[in-house]
Amino acid sequence: MAAGIQVKNPQLAIPQLFEQEFSPWFAGVAFAAIVIGAFVPAAIMSIAAANLWTRNIYKAFLNPDATDAQEAKQSKIASLLVKFGALLFVLALPKDFAINLQLLGGIWILQTLPAIVIGLYTRWFHRYALIAGWAVGMVWGTIAAYNKEVVGDPGSHFGGSVGPLEVFGIELSDNLIYFGLTALALNLIVAAIGTFVCRALGVDAGTDDTHPTDYLADAGDPDVVDRLDPLATPPVD
C-alpha cells in the first residue's frame, strides 16, 4: 500500500511490487522463484498420482510381476504426464474450471474418510459398502455444488460449497451447511446400512493381509521378518 500498488487480483500484489521496485533482471529472478514455489505442491501431487497409478493400477492389474525398475519407470512417466496435463489445464482451459475443481476437491477428498481414516481403527465396515457409500457421497456432493448458483447470476453453477440443508428438494434448515459434510453423512449411512446388508447376504468381506511388521518397514523386509514374528504384536518403544 505504501508503494502505491494497485491491482485487481490481490495475488498479483507481490509480483507487481517486484516489477515496480527492482531492476528488470532481479524482477525476473523473483518471478522465477514464484514459479518454482508453485512447482513444489504440484510436484508432490504428481508424485502421489504416479504412485497411485503404479501401485494400484499398473502392478495390481496390468503387470503383477513388474520389477522395481519397471515400477520406477512407470512412476516417472506418470508423474511427468500429470505435470504437463496440469500445465495444459491451467493455460488452455477457462480459469473457472480450476476454481470449480478447487471447490469440489474438498468435498471429494472428504468422502475417502470412512475407508481410509476410519479404516485405520476398525475393520467393521464391509468393503463393498464402503465403495457404495463413497459413490453416493461423491455424486451427492458434486450435484449439490453444481446446483449452487452464483449470487446475482441465476442459472449459473458452482457458486459455492455451502447451502441450506435440503432432502429431495425439501429445505429442512435455513442454516448454511458445508456440502462435504452432508455428503459425508450420507456416505457413512450408506456404508453402515450396506455393511449389514452385505453380511446378511453372506457377501465375501475379503482377506486382510496386513501384518504388524508392515507398520515398521516395507512388507518382506528380511531384517524385520527375522526380528519379529509376523503375527506378533509390534513392540512399543
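## The loop-to-helix pair

Asp 204 is exposed, at 54% relative accessibility (exposed means over 50% relative accessible area, buried under 20%, partly exposed in between, with a 1.4 Å probe and protein chains only). Its side chain meets that of Arg 127 in a salt bridge, 3.8 Å from N to O (a side-chain nitrogen of Lys or Arg within 4 Å of a carboxyl oxygen of Asp or Glu). Asp 204 lies in the loop between α7 (179-200) and α8 (222-227) and Arg 127 in helix α6 (residues 127-147), so the pair ties together parts that are 77 residues apart in sequence. Arg 127 is partly exposed, at 37%.

## Where the model comes from

This is a predicted model, in which local features need pLDDT of at least 70 and side-chain atom pairs count only at pLDDT 80 or more, while totals for chains, interfaces and linings use all residues. Residues are numbered from 1 along each chain as its sequence is written, and side-chain values use heavy atoms, leaving out hydrogens and water.

## A network around Glu 71

The structure holds three salt bridges. Arg 55, Lys 59 and Glu 71 are linked in a network of them.

Glu 71 pairs with Arg 55, their closest N and O atoms being 3.0 Å apart. Glu 71 lies in helix α3 (residues 68-92) and Arg 55 in helix α2 (residues 24-62), so this contact joins parts 16 residues apart in sequence (helices are DSSP runs of H or I, at least four residues, numbered from the N terminus). Glu 71 also meets Lys 59, at 3.7 Å from N to O. Glu 71 is buried at 10% relative accessibility, Arg 55 is exposed at 56%, and Lys 59 is partly exposed at 27%.

Notes: Helix = DSSP H or I, 4+ residues; strand = E, 2+ residues; numbered from the N terminus.
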